[in-house]
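Me: I am new to this structure and would like to go through it by question and answer. Please show it first.

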Amino acid sequence: MCGIIGYVGNKSAVPIILDGLKRLEYRGYDSAGIAVMNEQGFGVVKQKGRLASLEQLVNQQPIAGTIGIGHTRWATHGEPSDINSHPHLGSQNKIAIVHNGIIENYLQIKERLEQKGINFVSQTDSEVVAQLAEHYYDGGIVDTVVRTVNALEGSYALGIMCLDEPEKLIAVKKDNPLIIGVSDYGCFIASDVPAILPHTNKVYYLNDREIAVLTRSKVEFFNMDGEPIEKELEVVNWTLDSAEKGGYEHFMLKEIMEQPKILQDTIHSAIHGDNARIVESLDITKYNKIVITACGSAYNAGMVAKYVFERLCRVSVEVELASEFRYKDPIIDKNTLVILVSQSGETADTIAAMREAKRRGAVTLSIINVVGSTIAKETDYTIYTMAGPEIAVATTKAFSAQLVLLYILAIAFARKLGRISPEVEAKLLAEISAIPEKAAEILERVDMIQKYAATCIGCKSIFFIGRNIDYAISMEGSLKLKEISYIHSEAYAGGELKHGTISLIEDNTMVVAVSCCERLYEKIYSNVEQVISRGAKVLMIGSCIKASPHGKLQIIEIPRINELFSPSLSVIVLQLFAYYVAANKGLDIDKPRNLAKSVTVE
Ligand code: M6R
């Protein structure tokens with residue numbers, strides 16, 4: 001939540017920062033701002049609203065400098081407004097900051113500083129950082145930053161400039177992401193790699209409570225005692241193309257279309273590459289319980305995985321919402337394997353769940369997309385989805401990559417536990433290897449899905465039903481639809497309808513039924529008939545549908561596959577359905593209202 005970018009070098013900072021903010025806009029987009037530092041002081045332009053309006057404002061009120069910071073906001077404390085937008089300055093205009101995170105003790109600090117006569121202008125928690133740093137500043141910015149962050153409770157990624165040290169851009173973080181990039185024309189700070197990819201792929205990953213001091217030509221690092229530390233420069237293998245729309249109208253559509261390739265890369269890595277080595281090093285026979293914990297779509301991937309693990313490994317698997325996990329006194333110990341699933345590796349609730357699991361002695365394995373992220377660094381084992389940068393707020397390709405990694409993990413565990421023979425393992429892996437090709441087949445049928453979605457834009461509510469693993473993937477279909485189309489939606493296990501939900505079905509209520517479990521076809525079809533006879537219109541998606549379409553029933557066939565892996569195919573139809581419903585409504589698909597890509601606050 002919130003995106004930070006900063007630059008110091010020999011080029012003009014404003015275009016670099018604006019471009020970086022565009023690439024970070026998926027992290028928050030209710031307001032945005034830039035501050036540059038020059039001989040006259042700070043030039044600040046900031047306002048409520050999307051980045052496009054900030055860009056216009058910068059054109060009307062040009063600011064110049066070769067060092068600057070920028071911010072795109074997802075409001076937590078203080079409504080979206082011009083004054084609450086970042087950057088924030090101390091009242092003597094000596095220090096400017098951008099902040100991502102939450103300062104939990106801001107009211108106490110604010111009160112203390114107000115008693116000393118310091119005037120606050122915003123309602124944000126972030127302003128205290130600028131005011132406090134300015135209050136503490138005594139000629140040494142590193143010492144000032146140490147003192148300041150030592151007084152803060154909560155989480156922060158900060159970009160800081162100080163007028164008395166005009167060559168330096170300072171970065172510091174705790175529990176929120178911040179990376180440092182270096183190029184031959186300057187150095188950068190950013191919340192995420194895509195923001196700086198046009199300039200460099202050489203990065204340092206900042207750890208919690210490490211300080212970076214960037215100048216035009218070098219970066220120095222310090223610990224909280226103000227002592228210099230060494231860090232390793234790493235090369236990121238994401239390309240600039242992978243972080244651009246490439247001719248598509250939305251990132252979401254581009255990311256859906258990329259899935260065959262991403263699936264192939266992820267499957268290859270998990271069967272033959274680095275991921276395979278990590279999976280092999282994990283001795284599953286040591287654990288008597290598996291817990292999967294995650295948020296949102298990653299949680300839904302966990303729900304699908306539960307069916308696969310339990311069927312193949314015959315081990316009971318619990319799936320927990322990460323936001324609930326630490327408050328439920330979880331029953332886990334050193335004999336539990338806790339699997340954390342997260343695209344960003346920075347979701348605050350999932351980080352908290354991971355730390356709770358570690359505190360209780362459990363062994364942790366994470367499935368992550370962003371290399372160098374907090375969860376990737378802190379778990380005992382990490383395997384990576386090879387999805388590349390995912391920009392659309394609604395996850396698609398990262399979710400699909402999580403699914404195939406979870407299947408392959410389940411197969412490896414089943415083999416190690418002696419539940420499947422090498423022949424069965426080989427057969428299952430062959431079926432997984434066929435997923436990318438079958439996914440590509442579905443993507444050839446986009447027109448049909450688009451046409452159907454166009455008929456659903458007036459729906460007030462859309463229900464998703466399925467049984468068994470089809471129910472698990474229906475949850476993802478429902479989440480995808482509601483987050484980008486703003487249509488109310490619920491997923492139900494088909495058999496549950498008659499226990500209450502069916503009272504919501506009336507003339508023309510829309511129901512999407514997923515049907516890939518052949519052995520349960522008759523069961524789900526009878527649920528479909530029950531809703532049709534109460535007036536619903538139904539879209540059935542599946543590989544084993546025996547009924548023929550009619551006025552109230554439409555069918556989208558998907559290729560046949562082992563039912564355990566079918567969510568990888570049905571989800572593509574569900575993603576496209578959600579995408580085209582939202583596209584037909586003319587919505588801002590990549591940046592749905594109130595949401596942000598990486599939820600780094602609780
Ligand atoms: O980065 P993470 O995978 O940890 O994010 C978890 C959820 O916030 C995320 O999946 C969210 O639900 C997506 N917007 C869904 O499309």
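Me: Which strand pairs with S19 over 4 bridges?
Reply: The model is predicted, with local features needing pLDDT of at least 70, side-chain atom pairs counting only at pLDDT 80 or more, and totals for chains, interfaces and linings using all residues. Residues are numbered from 1 along each chain as its sequence is written, and side-chain values use heavy atoms, leaving out hydrogens and water. Helices (H or I, at least four residues) and strands (E, at least two) are DSSP runs numbered from the N terminus, and two strands pair if DSSP finds at least two bridges between them. Over 4 bridges, in the parallel sense, the partner of S19 is strand S20 (residues 381-384).

Me: Which residue of S20 is the bridge partner of Ile-368?
Reply: S19 and S20 pair in the parallel sense. Within S20, the bridge partner of Ile-368 is Tyr-384.

Me: How many residues of S19 are buried?
Reply: Buried means under 20% relative accessible area (1.4 Å probe, protein chains only). In a regular strand the side chains alternate between the two faces of the sheet. Val-363, Leu-365 and Ile-367 are buried on one side of S19, as are Thr-364, Ser-366 and Ile-368 on the other. The count of buried residues in S19 is 6 of 6.

Me: What is the distance from an oxygen atom of the ligand to an N or O atom in the side chain of Glu-483?
Reply: A polar contact is a pair of N or O atoms within 3.5 Å. A polar side-chain atom of Ser-344 lies 2.7 Å from a ligand oxygen, and a polar backbone atom of Val-393 is 3.0 Å from a ligand nitrogen. For Glu-483, the distance is 2.3 Å.

Note on methods
Polar contact = N/O pair within 3.5 Å; in protein donor to acceptor, adjacent residues only side chain to side chain. Buried < 20%, exposed > 50% of the residue type's maximum accessible area, 1.4 Å probe, protein only.
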